[in-house]
Amino acid sequence: MVQAFEWKYVFKAMPRLLHFIPITLLIWAAIILSGVFVGSLFAVIRTKHIPVLEQLVRVIISVVRGIPPLTQLFIFYFGLPALFLEIGIDITRIDGMWFVILAYGLSNGAVISENLRAAFASVGKGQEDAAYSIGMTGTKTFFRIMIPQALIVALPSFGNLCVAALKNTSLAFSVGVIELMTTANQVATFTMHRMESYVAVALVYYVLYLCIRTIFRFIEHKASYQKD
């Protein structure tokens, strides 16, 4: 039976949802950090054209970008324990949160890698040659000339990716991780007012999105000011 929408249940759900915001943000931050690490590593391998590794990274990026995020999560959550059991290692007791971080860290890393590679290409070969002409080594050129400019170019895309990563944390409930979406489902089941619970969690996610967007707009403004 469909019940009339009542705002009071939205506000009743809020305290319980707010309690789990730190867990959601922790998962989000871990996904971003792991994605930055993987993406930077992949970008360097492809930019420097390291033999064998470049071809391997190409395949990984292609596969990861072609599979839906939820499917990737299920592959890691159900596939890795089965794979490790084949060699006598039991990882079934590992918290599902780590599989979420691993799966989405790799997924975001693939996107970050492509963004960084495009950003490096936008810097221009001339600046790299100019750095070499004044005696800078390849490492110094990469860290002092290429990376600072590439990061400014990649910043807007990175901000969008951070927002997408926040929304993807809501899929963690599918592997038993207790975060915002899991809590919303629990409240919905307990109160039998599902719409109110989902509106409440939607409002929480929207506020978090506004905070992230504001932070990145501030960073972009500062970066563009320093660039000028």
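**Notes on the model**

1. Confidence by element. Within the chain, helix 6 (residues 125-133) has the lowest confidence, with a mean of 69, while helix 3 (residues 53-65) has the highest, at 93. The model is predicted, and these values are pLDDT scores.

2. Confidence overall. The mean pLDDT of the chain is 86, and 92% of the residues reach at least 70. Helix 6, at a mean of 69, should be read with that in mind.

3. Helix 2 against helix 5. Helix 2 spans residues 21-47 and helix 5 spans residues 96-123. Their axes come within 6 Å and cross at roughly 45°. The two helices are therefore oblique to each other, since an angle under 35 degrees would be needed to count as roughly parallel. The crossing is right-handed.

4. Composition of that contact. Where helix 2 meets helix 5, the contact residues comprise 15 nonpolar, 9 polar and 3 charged.

5. Helix 2 against helix 3. Helix 2 also packs with helix 3, at an angle of about 130° and with the axes 9 Å apart. The crossing of helix 2 and helix 3 is left-handed, whereas that of helix 2 and helix 5 is right-handed.

6. Disulfides. How many disulfides does a search of the whole structure find? The search finds 0. Cys162 is in no disulfide, and the nearest cysteine sulfur to its own, that of Cys211, is 14 Å away. Cys211 is likewise in no disulfide, its nearest cysteine sulfur being that of Cys162.

7. Is Cys162 buried or exposed? Cys162 is buried, at a relative accessible area of 2%, because buried means under 20%. Cys211 is partly exposed, with a relative accessible area of 42%.

8. Ala223. This residue belongs to helix 9, which covers residues 194-227. Ala223 has a relative accessible area of 14% and is therefore buried. What is the C-alpha to C-alpha distance between Ala223 and Val153? The distance is 9.7 Å, although Ala223 and Val153 are 70 residues apart in sequence.

Conventions:
Residues numbered from 1 in each chain as written. Predicted model: local features only at pLDDT ≥ 70, side-chain atom pairs only at ≥ 80, totals over all residues. Heavy atoms only, no water. Disulfide = S-S within 2.5 Å. Buried < 20%, exposed > 50% of the residue type's maximum accessible area, 1.4 Å probe, protein only. Axes fitted to C-alpha atoms, helices over the stretch in contact; angles between N-to-C directions. Helix = DSSP H or I, 4+ residues; strand = E, 2+ residues; numbered from the N terminus. Parallel < 35°, antiparallel > 145°, perpendicular 65-115°, else oblique. Left-handed = near helix turned anticlockwise from the far one by under 90°. Nonpolar A, V, L, I, M, F, W, Y, C, P; charged D, E, K, R; others polar. pLDDT = per-residue confidence, 0-100.
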